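User: Hi! Could you walk me through how the ligand sits in this protein?

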Amino acid sequence: MTLAAKVAVVTGSTSGIGLAIARALAAEGAHVVINGFGKPEDIEKERAAIEADFKVTARYCGADMTKGDQIAAMITETQTALGAVDILVNNAGIQFVSPVEDFPIDKWDQIIAINMTAAFHAMRAAVPGMKKRGWGRIISTASAHSKVASPFKSAYVTAKHGLMGLTKTVALETATHGITVNCISPGYVWTPLVESQIPDTMKTRGLTREQVINDVLLEAQPTKQFVTQEEVAAFVVFLCSDGAKQVTGANLSIDGGWTAG
Ligand code: NAD
């Protein structure tokens, strides 16, 4: 167990990629804080399962990633309850698909807040403790859309490109403190986020469900396969290991070759 006694906060981990990351870190011995929305009974089931499966402490924090004060409080509360925040995974994210001229302003603000600004608030709160202990790992779930654009995703593409800029900057600021700061950039991973954008894409582009899956989603991915949540989680575990201590300020693709072309 490479991460025994480390403490990890994973935002947006009540579902999808974040939950897989939290479970993978716990499997390596890290205590974890999960965060995100959902039915209280479902969240409690996931939290308890992490404790039962991996014999670590798992806490839940319902901080809203649009609220800077709640994000800072999540970091402080974790430090008080579990002694530290050694690993921060900025993963919470939402999507909205629309031509720019119709893009709802409140959706733009929400996507920028959750997908980008939340990572700033969390890093701002977590970095001092990491510096003090001389060890830290910050990993943000960006996207292939941090490197390339697709039509109708103006807010998402903007936020993910911004997340990369934040990552590079904080990597430079923390490089001599034993802290690494990286982005991982998945292509399409089969999660509720991808499934939920299919109806809008069908409407916006006038396509059937099968056409959206094969001609829009998997069209971009040369392997013609979805990335799995477990593959993304394994990537995060590697970045937390000692073997990755010279990997910092990077934007690492896990996209079946999408951005190679
Ligand atoms: P998901 O919808 O399954 O999970 C999103 C998580 O974020 C959930 O836990 C949700 O409750 C949480 N969340 C949403 N709004 C929140 C808020 N205001 N405050 C706190 N938590 C909030 O989605 P996913 O596909 O697992 O996406 C996770 C991350 O991966 C996102 O940043 C997404 O952009 C990125 N990503 C996903 C894919 C993909 O194909 N699924 C590809 C590249 C990048």
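**Around the ligand**

Analyst: The shell around the ligand has 30 residues, and Thr-14, Ser-15, Tyr-156, Val-189 and Thr-191 come nearest. Keep in mind that this is a predicted model.

User: Okay! What does Asp-64 do with a nitrogen atom of the ligand?
Analyst: A polar side-chain atom of Asp-64 lies 3.0 Å from that nitrogen atom. Met-65 also has a nitrogen atom of the ligand 2.8 Å away, this time from a backbone N or O atom.

User: And which ligand atom does the backbone of Phe-37 lie 2.8 Å from?
Analyst: That one is an oxygen atom of the ligand, with a backbone N or O atom of Phe-37 on the protein side.

User: How much of the ligand does the protein bury?
Analyst: The protein buries 93% of the 830 Å² that the ligand exposes when taken alone. The space the ligand takes is the largest pocket.

User: Which elements give two or more residues to the shell?
Analyst: Those are helix H1 (16-27), helix H5 (154-174) and helix H6 (192-205). H6 gives the most, with 3 residues.

User: Last one! Where does the ligand lie relative to domain 1 and domain 2?
Analyst: The ligand lies between them, because domain 1 (7-187 + 228-250) and domain 2 (190-226) both give residues to its shell.

Conventions:
Residues are numbered from 1 along each chain as its sequence is written. This is a predicted model: local features need pLDDT of at least 70, side-chain atom pairs count only at pLDDT 80 or more; totals for chains, interfaces and linings use all residues. Side-chain values use heavy atoms; hydrogens and water are left out. A residue is near a molecule or strand if one of its heavy atoms lies within 4 Å of it. A polar contact is a pair of N or O atoms within 3.5 Å; within protein, one must be able to donate a hydrogen and the other to accept it, and residues adjacent in sequence count only if both atoms are side-chain atoms. Accessible areas come from the Shrake-Rupley method with a 1.4 Å probe; for residues, only the protein chains shown count as cover. On a 1 Å grid over the protein atoms alone, a cavity is a set of points where a 1.4 Å probe fits but cannot get out, and a pocket is an open set with protein on both sides within 12 Å along at least five of seven lines; lining residues have an atom within 4 Å of a point. A molecule sits in a cavity or pocket if more than half of its atoms lie within 2 Å of its grid points. Helices (H or I, at least four residues) and strands (E, at least two) are DSSP runs, numbered from the N terminus. Domain bounds come from an automatic or database domain assignment.
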